[in-house]
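Subject: Handover of a structure and the findings on it

Dear colleague,

Please find the structure below, handed over for your use.

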Amino acid sequence: MSLLPYAVAVWLFLVGLYGIVTSKNLIHAVTCLSVVQSSTYVLLLAIGYRRGGTAPIFLDVPVGTPAVDPVVAALALTDVVVGATVAALLLALAVQAHKRHGTLDPDEFRSLRG
Amino acid sequence: MSPRLRRRVFLVAAGAVAALLLWGLSGLPAFGDYAGTYGTVLNRVAVDERHATNVVAAVTFDYRGVDTMGEEFILFAAVVGVAILLRAQRDEAEEPPDEDADDRRAPGTSDAVRVLGLALLGPIVLYGIYVVAHGHLSPGGGFQGGVVLATGALLVFLSGEYVTLRRVGPETLLDLAESAGAGGYVAVGLLGLATGAAFLANVLPLGQPGTLLSSGMIPLINLAVGLEVAGGLVLLLYEFLDQTLVMRRQGYDI
């Protein structure tokens, strides 16, 4: 049971990768990459979780109340920002790829064929 | 490689990666048995040291403020990158679109979306400002509030026309907001150097914990980040919407 959150992270990572590998559309592939990235949010927050802990906000509760790790929460914030920027750049590339090749199917890009 | 073969190769590799990851992760402390030192210490001392009741904000904008500055510039660089990638190509028409031509007319907006969008605009902007301003007290901050503010522009786009949006949010103003946000973060950091402390040291009066004017420089940094994120995201929105116009002009099927 205590392994379940970590298993969820592994599952999200792999299911997102599966989506990228089998993708027929670049927009879909970018969305799948976001799924892969969300596995890191789950992993970070799972590592910082303290059983029964509250959020690390001491506005309503006194200092000393058991709370989850604020460091991993801050890292998850960085993670989200980086995820958003990566998605924006990849979507811009997808727009240009569509203009150049007239398709979003990665298998149809002739110039990229090995 | 055929799709089928590719899938098989992936499944074998994925099985191996899953086994490796689960093996590694099972060596971590069990879920809920958190034993990290930094988190425990910060939860104890952050409110006393920085007078910020939101410890996550204290970590993000103070204890590791230099990292967050880098993060902010990642966003800045990404917006510039998207603008460069989507800049007008040589063979693309640059004249404003003839939106009234029959074959180019964008689908009309329903009255319900229009009314609801405009009715939500005020509350959303107010909420965004609230989230930015209270980042050091309660969950939120510059990044989150900036995104909320940027959705205001999306609402204008949804409920009106793109042309209206460009008029109420001109690009020069957004460029200014984005650069002022990015530069403002550095300027707040230099404040520390100017008083003889370290870069990004929290040198302003800390105030009473739990009040709006507390935590020294954290609200200022939140404000800078909020400006940067809101400006940057709306610019991203413009770049992509411009592409729709370009592609509609060129007769793409979209």
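Which residues of H2(A) meet which residues of H3(A)? On the H2(A) side they are Leu26(A), Ile27(A), Val30(A), Ser34(A), Gln37(A), Thr40(A), Tyr41(A), Leu44(A), Leu45(A), Ile47(A) and Gly48(A). On the H3(A) side they are Val71(A), Val72(A), Ala73(A), Leu75(A), Ala76(A), Asp79(A), Gly83(A), Ala87(A), Leu90(A), Leu91(A), Ala94(A) and Ala97(A). By class, this contact comprises 17 nonpolar, five polar and one charged residues. Here Ala, Val, Leu, Ile, Met, Phe, Trp, Tyr, Cys and Pro count as nonpolar, Asp, Glu, Lys and Arg as charged, and the others, Gly among them, as polar. Two residues are in contact if their C-beta atoms, placed from the backbone, lie within 7 Å.

Basis of the description

This is a predicted model, in which local features need pLDDT of at least 70 and side-chain atom pairs count only at pLDDT 80 or more, while totals for chains, interfaces and linings use all residues. Residues are numbered from 1 along each chain as its sequence is written, and chains are lettered from A and ligands numbered from 1 in the order in which they are written. Helices (H or I, at least four residues) and strands (E, at least two) are DSSP runs, numbered from the N terminus.

Confidence in chain A

The pLDDT, which is the predictor's confidence in each residue from 0 to 100, averages 90 in chain A, and 95% of the residues score at least 70. Confidence in chain A is highest in helix H2 (residues 26–48), at a mean of 95, and lowest in helix H3 (residues 70–101), at 92.

Helix packing

The axes of H2(A) and H3(A) are 10 Å apart, and the two helices pack at an angle of about 175°. That makes H2(A) roughly antiparallel to H3(A). Axes are lines fitted to C-alpha atoms, for helices over the stretch in contact, and angles run from 0 to 180 degrees between N-to-C directions. Angles under 35 degrees count as roughly parallel, over 145 as roughly antiparallel, 65 to 115 as roughly perpendicular and the rest as oblique.

H3(A) also packs against helix H4 (residues 65–85) of chain B: their axes come within 9 Å and cross at roughly 10°. H3(A) and H4(B) are therefore roughly parallel to each other. The contact of H3(A) with H4(B) has eleven nonpolar, four polar and one charged residues. Among those of H3(A) are Thr78(A), Val81(A) and Gln96(A), while those of H4(B) include Glu71(B), Ile74(B) and Leu85(B).

The side of chain B that touches chain A

In total, 45 residues of chain B are in contact with 40 residues of chain A. The elements of chain B that give two or more residues to this side are helix H1 (3–25), helix H2 (37–50), helix H3 (55–63), H4 and helix H9 (218–249). H1(B) gives the most, with ten residues. By class, the residues on this side of chain B divide into 28 nonpolar, twelve polar and five charged.

Chain B as a whole

Chain B has nine helices and zero strands. Of its 254 residues, 36% are buried; a residue is buried if 20 or more other C-beta atoms lie within 10 Å of its own, exposed if 12 or fewer, and partly exposed in between, with C-beta atoms placed from the backbone. Among contacts in chain B between residues at least 6 apart in sequence, 71% join residues at least 24 apart.

Individual helices and residues of chain B

Helix H6 (residues 142–159) of chain B has 18 residues and reaches 26 Å from its first C-alpha to its last, close to the 26 Å expected. The expected span is 1.5 Å times one less than the number of residues. Because 15 of the 18 residues of H6(B) are buried, this helix is largely enclosed by the rest of the structure.

Helix H8 (residues 171–194) of chain B has 24 residues and spans 33 Å, close to the 34 Å expected. Its buried residues include Leu174(B), Glu178(B) and Tyr185(B).

His51(B), in the loop between H2 and H3 of chain B, has a positive phi near 60° although it is a residue other than glycine. His51(B) is buried, with 21 other C-beta atoms within 10 Å. Leu200(B), in the loop between H8 and H9 of chain B, is likewise not a glycine and has a positive phi of about 70°. Leu200(B) is buried, with 24 other C-beta atoms within 10 Å.

With kind regards
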